[in-house]
Each structure stands twice: as structure tokens, then as C-alpha cells.
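Subject: Structure for you to look at, with notes

Dear colleague,

I am passing on the structure below, and my notes on it follow. Please read them with the model open beside you.

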Amino acid sequence: MSSSNPRGIPPAQFFEFKELSMEEAQGHLEKFQEAIAKYKFMETSVVRRVASLDDKIPDIRKTLQSVQFLKERQGDSFTVTYELNDTLNAKAEVEAKDNVYLWLGANVMLEYTVEEAEALLTQKLNSAEETLKACKEDLEFLRAQVTTMEVNTARVYNYTVLLRKKTKM
Amino acid sequence: MEQVPVLAEDQRNLNEFSVLHSRKAIQELDIKNLKTQIEDIVDAKNECELLDEDDGDDIPALKVGDAFFQVSLPVLLDQLEQSEESLEKQVDVLRSSMEKDETRIQELKSMLYSKFHDQINLD
């Protein structure tokens, strides 16, 4: 039927019906619930990654905007108000020069030309957006698998209802 | 009443419907957010249109990234214009994607309801 998605999430199998005893049906229902729980767990993990990217992408985009703005206005000077702390702003005179410094984390800041910085940030942004897109694909795939398992559950459960009725007759 | 048997093909249609339905809700939210941003920019442009270039101290600062740059009025208006155009493009992309999905959603609804009738609810 279906295959794993590009990140190797296993597909949910559509349950093909045959005669079942009540015991067999109960066994299948338990397996379906286990499968749903696993998919939900994976979903939680992917949602967390999406939230992280949703934080990171705007930061990269803002930094890229700043670099592009300075690049477009080489040689100009500006009075800039920036955040020194959460509740404190400061003014500075900034001249749009050829070079900028990018904070790379781990107490490292590197000097780049504006062209290099723009290229680096653009690549980082594109990469993060590709990852976000893949995560969204994973979420859609996971949703489809949960749907399959929920329908499997409903069908087998309805079957047990019929079995119980027959037993009473 | 008799239960209509669910086939693998029905399951695939149901899955596709479920995914498209969720995607639609997310995209509607995204469009709403973008429109709010566009409204803010239009308001800002309207405010700036009332200014003269000579109102040096009264020209608002332009937000670039996380900082606010004091720029001339023409630069400010130009940046606002660019931002608005960029956001409008994003809205257009989302809208056309939603329109394509909507066609498929209606096809799937039609197929599923014609088979399952009131045993299923797709709204």
C-alpha cells in the first residue's frame, strides 16, 4: 500500500478484514492504540522542532534584512536606536561600511564583507526553511497515519459490537 | 442500517482529505497574520504621507531587523512600499495554493459523501 516517508516514518497499514474472534479483535484494537500512541509521540517531537525553527527563522530573517539594508546604503550614516536590554534602548551613529560582524555563538563573532554576510545568512535561511518544510511534510504524513489507525479502530470496534449482538441472539 | 465497507481506496481519500483540511486551517491563519501586517504598513504609510520632508525631528524611525534607523522620508516610504509588496506576494502564493487544494477538497468530499452518506461528517 503506502511506503515510508522521506524521513523513514513507517506507514500505517490499512486493516484488511477477515473473520475475527472477539479475542483476536481485542488484540488488534490494542495494537492500533499502541501504533496511534507512537505516531502521536513522533508528532510531539516534530512539533517541538517546528517551534524551534519558528523562533530561529525570524531571527535569521531580521539579521539578513539589516545586512541588506546596510549594503544598499553603503557610505550613509544613520542614527540608530537599538535594544541594549529588554527595557533599555540606546542611540548610536552607524556608518554603513563594507564590513559587518556576525555573532556565530559560542562567544565567537566574525567579520565578513556585506556580500559574504548576505550570502551566508541567505544560505542559513534557505536551509532552515527547507527543514521547516520537511517537518511540515512529516506532520502531514503523521496525521494521515493516525487517521488510518483511527479508522482501523472504528471498523474493528464496530465489528466487536456486531459480534456481541450475535452472541446475545 | 448496514455498514458500508471501507476499502483501502476510501482510506487514502480520507487521509488526503484530513491532511488538506488541516493545511487549509493553518494557511487561513497565516493569511490573517499577513493581512494584519499589511494593514499596519498601510496605516504607517498614511501617517507618513501627512509629513513634509522638512519635518526632520518628526519623521518616525524605520525598523530594520531589531533596530530603528532614522532615515529620510523618501527612504522610509520606499521601504514601507517594498515591505507591503513582499507581504502581498506571500498572500497571493498562499491564496493560489489554497484554491488548488479547495478544488481537491470538494472532489474528495463529493466522493466520500456519495459513498458513506450520513455515516461520515467532513465539516
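Rings of Phe, Tyr and Trp (its six-membered ring) are taken to pair if their centres lie within 6.5 Å, with planes under 30 degrees apart called stacked, over 60 edge-to-face and the rest tilted. This is a predicted model, in which local features need pLDDT of at least 70 and side-chain atom pairs count only at pLDDT 80 or more, whereas totals for chains, interfaces and linings use all residues. Residues are numbered from 1 along each chain as its sequence is written, chains are lettered from A and ligands numbered from 1 in the order in which they are written, and side-chain values use heavy atoms, with hydrogens and water left out.

**Aromatic rings**

Over all chains, the count comes to four aromatic pairs. One of them is formed by F69(A) and F78(A), a tilted pair with 5.5 Å centre to centre and 45° between the planes; both F69(A) and F78(A) are buried (under 20% relative accessible area with a 1.4 Å probe, protein chains only; exposed is over 50% and partly exposed in between). F78(A) also forms an edge-to-face pair with F69(B), at 5.5 Å centre to centre and 75° between the planes. Because F78(A) lies in strand β1 (residues 77-85) of chain A and F69(B) in strand β2 (residues 67-70) of chain B, this pair joins two chains.

**Strands**

Strands are DSSP runs of E with at least two residues, and helices are runs of H or I with at least four, numbered from the N terminus; two strands pair if DSSP finds at least two bridges between them. β1(A) and β2(B) run antiparallel and are joined by three bridges, with T81(A) opposite F68(B). Strand β1 (residues 62-64) of chain B also pairs with β2(B) in the antiparallel sense, over three bridges, and here K63(B) stands opposite F68(B). The covered face of β2(B) holds A67(B) and F69(B), while F68(B) and Q70(B) are on the uncovered one.

**Helices**

In chain A, the axes of helix α1 (residues 22-72) and helix α2 (residues 114-168) come within 7 Å and cross at roughly 160°, where axes are lines fitted to C-alpha atoms over the stretch in contact and angles run from 0 to 180 degrees between N-to-C directions. α1(A) and α2(A) are therefore roughly antiparallel to each other (over 145 degrees; under 35 is roughly parallel, 65 to 115 roughly perpendicular and the rest oblique).
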